[in-house]
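Biologist: Please show me the structure. I will then ask what the terms stand for.

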Amino acid sequence: MMKLLEHMPDTVSQKIQNVLTHEEEFIRVSTDLNPDGTFGEQWVVVTDRRVIVIPAEGVDGVVDVPIRELVSVQTEPLVGGGRLEIEREGGATLLVPYSSSLAEKFSEVARGLEQLRQHDEFLINSELDQTRCPKCGRLLPEKNGICTACIRRLATLGRIAGYLKPYKWRASLLAFISLATIGSELIPPQITRHIVDNVFLPPEGTASSIDERTALLGLCVLVLIGLRVLRWGSELLHGWVVSWLGARVTADIRSHLYRRLEMLSMQFYDKRQVGALMSRVTRDSDMLREFLVDGLPYLVINTLMILGIFCFLVWMHWQLTLCMLIPIPLIIIWGRFFWQRMRRIFNKHGQSWAHLSARLNEALAGIRVVKAFAQEDREVGEFEKKNTDLMQISRTTARHWLVFFAVTSALTGCGGLIIWLVGGLEVIRTNLTLGTLAAFSHYMWLVYGPLEWLGRVNSWMTRAFAGAERIFEVIDTAPEAYDDPTATALAGIKGRITFKDVTFGYDKSKPVLHGVDLDVAPGEMIGLVGKSGVGKTTTVNLIARFYDVDRGTIEIDGMDVREVRLEDLRSQIGIVLQEPFLFSGTIAENIGYGGPGATFEEIMQAAQAANAHDFIVAKPDGYDTNVGERGNNLSGGEKQRVSIARAILHDPKILILDEATSSVDVETEKEIQEAVARLIQNRTTVAIAHRLSTLRNADRLVVLDAGRIVEVGTHSELMDKKGVFYSLVELQQQTSEIIGIRE
């Protein structure tokens, strides 16, 4: 049983414990408004016996309503919020106000209370969409999204590093190359210092000749050349190794993510948009790759190099080092301020691009409608508005960049002036050599340069880690029970299907099926009929265990489907959908999808059984005809017959037909019906049909209404009974006659 229990403060918890007496809590939630509408906190607690409303402060105002006294429970939307209305016998209606951010939560509370009041059952959705971060309270960038302010950077980085284990030798090589790169940057200023102090301006008292100084100069230059070659070589090798590792690690993460996406349940996909999931495989993983290839090496190398530089600077002249540090806090503060502001501008820039792209895509995709209504000028005008918005935000971005570089240049220039002023005075006073001052100047720019971009790297890292967190969120989602070690193998099934008191809802608080009992014998064909939304497709989804029941059991040959190996179950179930889905590829490949490793002869036999062979060979490329994306190169009837051939090749023991003959012409329907007649032989078949007349040959018809079985019998029995099924047939015939008259 799902419950909705929020953490309660100790002060309120003590009040509740004093009231409750051995009762089971189902709901414990807080509201953010007082009874008078001012901001404050109240708590609503629902048990198996009663509803309690208690304020967070004080003991006055506690309301206790037994469940049996509830007349109705509903939510009433108001401006900026809403209220929970609890109507009770012999008392005033209890009103619990809340702000609009809590509307979804209290909608679930109302549903749960209504279930307890009407059916003495409790099914509630405890996994509510989150719009704010549970830690810091900030608005999330998307529902159930990742809060960038609360990202565990070290933990995320450690998890990413875990993907380096298979490539530890290359990672070790990268570390060695990084050290060589850092060394090739740190040593040249010391060589320059040596040249100035010992070659150009040798100390007084040394008897170095011109030849010795020339030789020393040549040696120093050779060392500088060697360091420069080392720098070039290490940069080249470093870039190659980083690119390989970054691409490899990202590919591994992307593969891991895709494998998990393939193994996740249908409930996972019901709650998410396909586009959002695709962006995790593409955009988020590519953002992570860019950071691993460019951002992380930049951050690591420059951080280590700055530490090394400070060690050299303190060793050479610690007083001048302190002077050099004066502009650094200003540079860091300015960089953080700038990138925080730029993050908002970048978001607006991205949104402008998205709006422009969406408008362009929509206009071009609907170009036939645009021309049909002669709205070309209107669409051009709408595009110009979006284009102007993008131009303005682009100009704003460019102006901010100009200001950033101007201020940064001024701050770093101040650092240079300080070094030359203070350092120059020290040279004049002979407390510092000219070579040391030159080295200081060189090191200063090596420090200031990375600090200028520290804010950008931080923003870059935040976005990359947010993408990584979104990827790991999917990877950490529990997959379907393919690897359940306790599951029972079921190599061959006979096909008996048994529903026992099955209750199920895609949203736990809104059951679609209520207490369904049904027994289907092996080889029997039953038809599921009823109005739209009564639970026909839900019933067949449960047979294939796309979802698990909330209450009751579904058995195959007497075994609970939850105890059977998932692969064994689905490998013996075939499904022909109302809207058949074909993959990009040839007709032969799509039919062969139902039986991996099937020969061409087997594929052709399946096509002949599905009445698809004739139209296939009539095409120029025959079985090698490319069906296009989602099978768009084929007609609806052709796609349906290919999908039936695929199911025939699969050779299932249980067959599910979900309106397989809808939306086709009469001649095509006849051919599909002949194919279906061959397909259902010696198989347990559960069929859903739009045209009730197509189910005349079913052994039994099961009539559903409001998620419950209301009638069961043959076509003639149900017509003689003149009940719900009879009414449906009469309504369909009347509709057909009206359409015929109009035609």
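Modeller: Strand E7 (residues 81-88) and E8 run antiparallel and are joined by 6 bridges. The model is predicted, so local features need pLDDT of at least 70, side-chain atom pairs pLDDT 80 or more, while totals for chains, interfaces and linings use all residues. Residues are numbered from 1 along each chain as its sequence is written, and side-chain values use heavy atoms, without hydrogens and water.

Biologist: What makes E7 and E8 a pair?

Modeller: Two strands pair if DSSP finds at least two bridges between them. With 6 bridges, E7 and E8 count as paired. In this pairing, Glu85 stands opposite Leu95 in E8.

Biologist: Why are the rings of Phe600 and Tyr623 called edge-to-face?

Modeller: Rings of Phe, Tyr and Trp (its six-membered ring) pair if their centres lie within 6.5 Å; planes under 30 degrees apart are stacked, over 60 edge-to-face, and the rest tilted. The centres of Phe600 and Tyr623 are 5.2 Å apart and the planes are at 80°, so the pair is edge-to-face.

Biologist: What makes Arg170 a charge over the ring of Trp244?

Modeller: The rule asks for NZ of Lys or CZ of Arg within 6 Å of the ring centre and within 35 degrees of the ring normal. Arg170 lies over the face of Trp244, 3.8 Å from the ring centre.

Key
Helix = DSSP H or I, 4+ residues; strand = E, 2+ residues; numbered from the N terminus.
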